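I opened my notebook to look up a few things in this structure. Here it is.

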Amino acid sequence: MDDLKQELKENIVEQLNLEDIAVEDIDDNDMLFGDGLGLDSIDALELIVMLDKNYGIKLTDPKEGRAIFESIDVMAKYIFENRTK
Amino acid sequence: MKAVYINSVGSISSQKTFDNSSFLDEIISYDDNIILAVDPNYKDYISPANSRRMAKGVKMGVVASKIALNEANLDTVDAIITGTGMGCLKDSKKFLSAIIDNDEQFLTPTSFIQSTHNTVGGQIALGLQCKGYNFTYVHASISFESAVLDAKLMLENNEANTVLVGGVDEIEDYTCSLHKLVNHIKKEKVNSTDLLYSKTEGAVFSEGANFFVLSNLKQDSSYAQIVAISTYNTLKTNITDVANTFLKENNLNIEAIDLLVLGNNGDVTYDRFYNELSSGIFENTQQVYYKHLCGEFNTASSFGVWLASKILKTQKLPEAVKLNDIQGSNYKTILLYNQYRGENHSFTLLRRC
Amino acid sequence: MSKGIAITGMGIISSIGNNVEENYRSLIEGKTGISRISKIKTLHKDHIMVGEIAFTNQELEQQIGLTPDNNYSRTALLGVTAAKQAIQNAGISNINKYKTGLISATSVGGMDKTEAYYHDYFENKATQKYIAGHHAGDSTQKIAEQLGIEQSLVTTISTACSSAANAIMLGARLIKSGQLDRVIVGGSDCLSKFTINGFKTLMILSDTYNTPFDENRKGLNLGEAAAFLVLESDKVVQTESKTVLAYVKGYGNANDAYHQTASSENGDGATLAMQKALKVAELSSSDIDYINAHGTATGNNDLSEGQAILRVFDKGVPDFSSTKAYTGHTLAAAGAIEAVYSVLALQNNVVYPNLNFKTQMKEFSMTPQLELKEKELHTVLSNSLGFGGNCSTIIFSKKQ
């Protein structure tokens, strides 16, 4: 699980081009959206593609993403339980 | 009708023009067929959080507009009007190649969103929280002129008091490789100083952003008055006739023009339009050119307006831009002419203020 | 200076008709142009629906009279088709008799060719003719050439989905200020893999018929279309004793300055655009008889636009409907398509039904017009809202 979390952090920083954020600065329970990392609706769409491409999880409604992408912790748990690859 | 002034400038080009306190004090010479803009430190102007999705063209546009706003001492404007001939090429290419390379799968939205032609205008508005009029013109070599024409219409009729106007285009590799295929880009590398003597097809491609605050309120620091601007999709007759008519419409004769600013790009097929004027009716007029400094791109003529504005304000004329030996001193009225590949011609008339 | 901005001709090609008459018939018969895609090979063909024009490029080329060595994108072919109709409809035989300009709008431009020949360009010399046709201004240059507009003001606007509304706006301002006597305004966009996949990544493409202003709307259908209008000054109308179809009475553009793609929830930009247009028209909101809404059927647009309509029409919302369920969202052309529909509404005194609507949105109690309604119309307001926060409103009127 820790490896998965680390992988997610690295992918998020790289994929979303978060130049000013270091992987080590992201806490497992930090809010990814809003006041936390400051991600927005476009990032949510990027993360949905990441779920599909890296873990074989398909979301059809972007609204589903809101709960899943709450934090690294929540996201990792969801991926762990639902991944197909 | 109110008069329209250029109150400030902001330029990012393949010369070091982003510092308004200098004026081509040192010239960067190139020996290439594609040249890039000299980057200012974008981070001084845009936070990492805001710039993380921006390709170079968007950054250049946003920063050039900030330089212009800073100089005009404005936090916002009534309208933002942008010209871009090719739009956001880097993101267009990124999304297009992703579609083709990944067979329409696993595509992400960011590059598509950023590929829209009005991304620069939209991002400037977002940054300034400017809810005013916001247009983007995308018509080849008159994209910038269309933006100026629109702004002038607004300011003359008092629909706005301050308008941010700019031209921006970025270099992108795939597009350049296509333009090389059809000889729109020169096959060979050309030294900047030899550009007009290359006698070969095509131009040296480049990129840049030149933004201006236009206003119907003159300031002590204003650069110039924009007296007139006209664009022509094609020519019915010849450029001499069009020039004569344009001057007549503005109650001017040839002698009233103190300086002619030409957009020659060294393309052996199309420089004849410039040559017709420079060796014809404007033979006895002092002439300058600039595309050996900033390269060719659809909105390169915005660099010409930057150059003319600087000349009118400083009354200095850099040695490197001189096209003929005629020496002027008191620059009051400047005429600019530009075209690309025989289409989309424009005349712009600036006056000292 | 011209006080009035007269519309004296219109031309259109869309998925619901190849000319003005066919489009009108489809509108009043409630006939949609939405179908499965047939002309573009895409992986998404079973998951999306589009408003596609039946003619192939070859058929369009023949109708225009182009030789096979032409380098027209589909955007240019559609644009020329619609613009020629508009000129004919306006009874113009000598285009250069008056100072005439052309302002077109596109977002796709020549992308259909670039995506088709992406790799071929390097191997097949015959395809290279399309390289110079990629940029957005190319289709406009070709339309000008086909109409015989020379040495004149010809330009292109690209502000995403509000583009053609902005072309109409600039045209109106150029007539009003006396810079032009006549201007052809409109827009053209063809379907492309680029836009299909783009909107797909935004997850706002419906897999079925789009349902504007419905609680359970699933997103938009993309469409392709072109439409052009001829705007003429008072001077031309008087000198030529022109029949005036309607007038451009007001116009407004504002920026939402909220997000690169999404509209603000309270619809600030759209509110400002409508308010500005009413001000230019010297009308109050109660003077508007029908709103042709942008209504793309995305969750975000219909909510934002609905809120804006409620804010501007605080004394009562007039009949409104979106025609996107007929044509799909035709992007940069939409503002011109809907301008033609607005003028037709005024001419025929009808309000078009908003197709596919079932359930009212929970955020507000507004129901679009659901049946074809005949009533005397004097003014129609049309919205076009786009990426980059770009919001535009045009008001059309029967009388000057």
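My entries follow, topic by topic.

**Ground rules.** I am reading a predicted model, where local features need pLDDT of at least 70, side-chain atom pairs count only at pLDDT 80 or more, and totals for chains, interfaces and linings use all residues. Residues are numbered from 1 along each chain as its sequence is written, chains are lettered from A and ligands numbered from 1 in the order in which they are written, and side-chain values use heavy atoms, without hydrogens and water.

I checked the UniProt record. Its unreviewed entry puts "domain: Carrier" at residues 2-83 of chain A; such annotations may be inferred rather than shown by experiment. I found 57% helix and 0% strand over residues 2-83 of chain A. Helices are DSSP runs (H or I, at least four residues), and strands are E runs of at least two.

**A sheet in chain C.** I found an open, mixed sheet of 3 strands, ordered β2-β3-β7 (chain C). Its edge strands are β2 (34-35) and β7 (222-223) of chain C. β2(C) and β3 (residues 50-51) of chain C pair antiparallel over 2 bridges; pairing takes at least two DSSP bridges. S35(C) has V50(C) as its bridge partner.

**E338(C).** Is E338(C) buried or exposed? E338(C) counts as buried because its relative accessibility is 1%; buried means under 20% relative accessible area, with a 1.4 Å probe and protein chains only, exposed over 50%, partly exposed in between. E338(C) sits in helix α13 (residues 334-348) of chain C. Its contacts (heavy atoms within 4.5 Å) beyond four places in sequence include N292(C), H294(C) and K324(C).
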